[in-house]
Every structure is written in structure tokens, then in C-alpha cells.
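Hello,

Here is the structure I promised to send over. My notes on the ligand and the domains follow below.

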Amino acid sequence: MSRSAHPAGPRHADVLPDPPPAPPQADANALDPAIWPVTACRDGGVLHLGGAAVPDLVGRHGTPALFLDEADLRARARAFATAAAGVDVFYAGKAFLCTTVATWVAQEGLGLDVCTGGELAVARAAGFPPERIALHGNNKAVGELQHAVLAGVGRVVLDSFEEIRRAADVASAAGIRQPVLVRVTVGVEAHTHEFIATAHEDQKFGFSLRDGAAEEAVAAVLDSPALELAGLHSHIGSQIFDTAGFEVAAGRVVSLAARIRDLHGIEIPEIDLGGGFGIAYVAGDDPEPPRQTVERLVGIVAQECARAGLPVPRIAIEPGRAIVGPAMVTVYEVGTVKPVELDHGMVRTYVSVDGGMSDNIRTALYDAQYTCVLAGRESDAAAVLCRVVGKHCESGDIVVRDAWLPGDVRPGDLLAVAATGAYCRSMASNYNHVPRPPVVAVRDGADTVILRRETVEDLLRLDAGVDRG
Ligand code: LLP
């Protein structure tokens, strides 16, 4: 229901229909290692991250704040980078990007996928090697293309016929032969939320295989002396657990590569299968380890190439969520606790925290599920069904729809929400003029602000009507 547009008015007060409440966790204080960052542990009941006690971190940085476990992020990046030979891994910066994280992923041997001039500017500010940057986007402005081409980015992923012409003009004016990939719509709908499935036909990305657009796009690139066809690209969605979608996608991209060889007598050097690898948000989510996923993709492409009589090209992937998602934890302070009796006699305890949909829109937007625990203490009080909500002026401002928290949860408690690294801070807004929270890296007991907290002054600075005397 939350996914459909609704007329302004009555639905603003509605909350989503109740899913059946999740069963109580065996232990409301427990930290499931599949969900929490690698360094998360309890010491004396207190949650520690990166060797630091969360209450101490909060004392220095306030709430809400996102804490990023550097060791966790680096290990995940490395696991992808070293999973298989012949595979280029591009970190998808849209999941979360700042110069520090760009530097870490460069150090771990990854490339970087950016999809706007803004993300490209962060990559450049970090000194990210331009030849390892890929520029995406379905509507790149001429200025963004110029920025990318002049910076020497390794590849531009082309998404429309207008863009092929624009990129060719920009590259030719710069006297550069720009390597490009052609983004193909393979007609696969991955098993994921409809808002984040991108390769079925009825959507804005890529060139369709079905109507011959992909072949025409390849021909247009080959006709442009300023463009070099570096490969084919496909991205089928996000938060995918079932690799069957990748299998179909790879098969279709390889078939296109075979037709291109037959038509033009050239071999495609690289096939990029995009990102989308799922992570665990709640108990029972069971993603495959990166090595297994990458090996499977390599196997699929090799098999499809053998069938088509093609040499195996280089393979690229673009994980975002699977690298940064589990590495971050958002810590809030509880402000109010309000038990509400439901129609069927159940009680739901509304726990209001000092952030909400401005720092995590995913619950409202995608019905995302999260796991949370008390961070400042353990409690053996019996767990009660809670809904963690924010401080924004709408009922859909939900952070964790169903959370079993100790029944003595109270104002002043610190609440940690796991797996908030991807698409939380990067999709944060200033709704209700709430400043966006900081990101603090933690490692070996040391904490470093890598993105500072926004202030109300930052927001007022944009307001041209403020009298600055
Ligand atoms: N490559 C391309 C071309 C993409 O469009 C994306 C994500 C990725 C790679 C990285 O996907 P990942 O590995 O992070 O799943 N805001 C949504 C997710 C949108 C994904 C957009 N594209 C969410 O919060 O779930």
C-alpha cells in the first residue's frame, strides 16, 4: 500500500497494514553475526563497535549518528576484490560515498561506480584513480560527460541514443577516444521490491534486447570514432538473494555478444553484470558469501560463452550494499515510550527516537526491515513488541516496523539499528529541517568523523531570506 501514490489527505494519517509480528528473539540483547558488523560485541552489557563503547562514542559525537566499522567494510571489499581472477569490482558509490570510503575501496583494489557529477566530484576529491571510475546514469548532463571525459574516467556506461551522440560529441571535442559500455535491458525482473528491480522492460534504464535497441546502440557506438566499445552492461536490481536472475541476464548478454561478433566481427572485451547482492537485515536472511556469488557468476558467463563459441570476456560487478550495508550502525537516543493498545487486545509500544525518515527512508519507501538492540545496557526484562518511530510529522515515519525490545526500554536509552550503511545516509533528507547525522569511522578503539553532522546553520545558510546583518 505504501508503494502506491495516494491523494493528499486521508492516507497521510494511515500507517501500513500490520504484517504478522515477528516472533520474539530468543534473546533481545543478542547480536546476530550475520546482521551486525564484524567488531560488534557486548562488553559489560554495553555495545562496542570497532573496539569503542557506544555510549563513549555517543558522548563524543551525539545522536543520531552512524558508526562505520572500517574493518568490516574493508573485509567485505577485499572479499569481492579477491574472489576470482578476471573480475573487476566497482564499488557502487550510490550506496554511501565520501572521500574516506572512496580511499579505502581504492586501497582494497576496487574501482568506483559513480552515477552523477556529484559522486564523480567526491571521487575526484578523494584522488580516486580516474581510469578505475565508471560513470553511470540514465540522464547524464553534457557537463557531467565533459567532467568525466576530461578527467579520464575509465568507462562511461551509455543509456540512450541521445547520450551516445552527446558522449561522442564531448569526446571528439576533447580529442579523446572514450571507452564506453552499452547498458542492456535484459528483461529480467529480479526477486526484489518492485521499486528496485531495474531490468524488466517497463522502466527507464538501458537499451532493450527485445526490440533490437541494444544492437542498434552497439552499431551507433561502433560508428562513432570518438567512442570505443569496451563492453556490455546489465544491472537487474538490488537486495537480490536468488542468483537465478543473474543467470538469465548473463545468458542474454552473452547471446548479444555473439550476435555482435556475427554482425560486426568483433569480440566484446567485458561484460558487467552490475550490483544487487543482498545482505542480512533480519534473522533468517541468508545471503551467499561474496566468493561464492562471484564464482557462480564467472561460471555462468564461462558456460554461456562456451555455448556461444565465444572467448570468455573480463567480468565486472558493482556491489554497493553488500560492501557498506552491514558495516554501519545507526545509534539513536530514545525520547518517548508509548504503549498503544491495538484492536485485537495486543499492545504495541511506540519507541520514538531522535531521527527517523530523514536518516532512513528505506522503511517508509520499501517496507524495509531492520534489527535493533539497546546499545547502552543489556536487560533481562521480557521482550515486548515495539515499533521504532522517528520525530517527523507523519505516521509513516517508521524506522523499525517490528522490533522485540526489552520491556523496560525507557527515555534516554541508546538504540542501535544494524545494517544501515547502504542507502540510509546517502538518501538522507532535511525533512522538517532536521540536520543530517554524521558518519563516524571506528577502528581499533579510535573514532574519526568522516562526514560531519549537519547543523541548523548549514541549513539556514541556504535560505536567501535570512538577514545576516
Ligand atoms: N550498479 C548499478 C548500475 C546500480 O543501479 C546499482 C544500484 C548498483 C550497481 C548497486 O546495487 P547494490 O549492490 O547496492 O544493490 N535505494 C535502494 C537501492 C537502489 C539501488 C540503485 N542502483 C534501496 O535502498 O534499497
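Before the details, two notes on the source. This is a predicted model: local features need pLDDT of at least 70, side-chain atom pairs count only at pLDDT 80 or more, and totals for chains, interfaces and linings use all residues. Residues are numbered from 1 along each chain as its sequence is written, and side-chain values use heavy atoms, with hydrogens and water left out.

Now the polar contacts (N or O pairs within 3.5 Å; within protein, one atom must be able to donate a hydrogen and the other to accept it, and residues adjacent in sequence count only if both atoms are side-chain atoms). A polar side-chain atom of Ser238 sits 2.3 Å from a ligand oxygen. Glu318 places a side-chain N or O atom 2.7 Å from a ligand nitrogen. For Asp113, the distance to a ligand nitrogen is 3.5 Å.

Next, the domains, whose bounds come from an automatic or database assignment. Domain 1 covers 41–69 + 326–461, and domain 2 covers 82–324. Their C-alpha centres lie 33 Å apart. Contact means heavy atoms within 4.5 Å. On that basis, 20 residues of domain 1 touch 19 residues of domain 2. Across this interface there are five residue pairs in polar contact, both residues at pLDDT 80 or more.

Best wishes
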